[in-house]
Amino acid sequence: SSKQNHQLSPIRQNMKIKPTIKKKKSKASSKKSKSRVNATQLSYEPPRQNRVQNNIYTSRELTQILKDKTNHNFENVECGADHKDTECKHDGLYLYLDTVIAMQFNNKENQLNYGKSKVFNSGLVNDTTKEDIYLIIDETKEENITTKNQNNRKRPLLSMRNEIYNETAITSTYTIKPPFRVSNSVIFKENLTQYEMIAIFLNNSKSYNALTDTTNWSKMRVFTRVDNIRRRPLLIKKPEFIKDIKSKNNMNELTLIPILIFNKDNYEIHHVIIVEIDDGINIGLSFIYDEETNKAIVTGIHLDQMLLIRQHQWISLDHMSECKCFA
């Protein structure tokens, strides 16, 4: 996790409060948001088959090359784990690659050698040449698959080459146009600019009240720490929960914070606001904007600040050096 200390506000750093929304029994059926979002498919984590971790062999030699060639301080990358004041031993660069590769993994335009290899834009820049750095992943040779590492595990079916490439090397060798940086892609930019429409929707009191009244809060996906054993549940009936969201928060003063969410094989950018639901108790609510219905849709309830910071950093590592979004 990041070596810097995070403030406990607005979301407690070690959240031990899990709001459990009790659905009020009623014969009358309330109107529900016609959301096409399947909450069970949303995750902070990349799909297992698309990520670097346990899927793509990446040598320490390559990660060291990347660290030497770039000027990013990967020591400040937030891993999201609660180390309880002990030093984090996660490799920030490895965590970054795990995410940025997963965001591009299924792109058809990055395939080489009839699909046996893939080229990725690392999103990193060579500090000397100021050129984008590209990485290539190949299917692991059959004789190397049975090779076991020091933990007695077989090498993954995919391997990342121990080389970095620039655009000229890719175009001259493979006669293809290398992929754009993820942050420059159309999908990324379109997702990020949803901020404006979500803000307009939430700042309209009529639209906001309708959203809070019709959202099925009882079945909303709750994003929290899976290994948090010590919890003190906070039981809130749905009407009280809605009342608290409306009465304790001024939407005009809340900031929308972009975070990265994976939806099955695809990534999405959801925007989070931090709301108070009880004295000293805050949670995050995430949204996307549905262009077909011209409405914002609630996609989740978020309880852990460190995990939110981790997902926020993947939007822009450069931004994190001056980030005050959670202050």
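Predicted model: local features only at pLDDT ≥ 70, side-chain atom pairs only at ≥ 80, totals over all residues.
Residues are numbered from 1 along each chain as its sequence is written, and side-chain values use heavy atoms, without hydrogens and water.

Reader: Why are α7 and α8 called roughly antiparallel?
Author: Helix α7 (residues 205-214) and helix α8 (residues 238-247) pack at about 155 degrees, with axes 10 Å apart. Angles over 145 degrees count as roughly antiparallel, and α7 and α8 are therefore described so.

Reader: Which residues of α7 and α8 meet?
Author: Y208, N209, T212 and D213 in α7 meet I242, I245 and K246 in α8, where contact means heavy atoms within 4.5 Å. By class, this contact has three nonpolar, two polar and two charged residues. Ala, Val, Leu, Ile, Met, Phe, Trp, Tyr, Cys and Pro count as nonpolar, Asp, Glu, Lys and Arg as charged, and the others, Gly among them, as polar.

Reader: What makes up the lining of the second largest pocket?
Author: Its 27 lining residues include Y44, E45, C79, L307 and R310, which lie nearest the centre. The lining divides into 10 nonpolar, seven polar and 10 charged residues. Helix α2 gives the most, with four residues.

Terms used: Axes fitted to C-alpha atoms, helices over the stretch in contact; angles between N-to-C directions. Helix = DSSP H or I, 4+ residues; strand = E, 2+ residues; numbered from the N terminus. Parallel < 35°, antiparallel > 145°, perpendicular 65-115°, else oblique. 1 Å grid on protein atoms, 1.4 Å probe; cavity = no way out; pocket = protein on both sides within 12 Å on 5 of 7 lines; lining within 4 Å.
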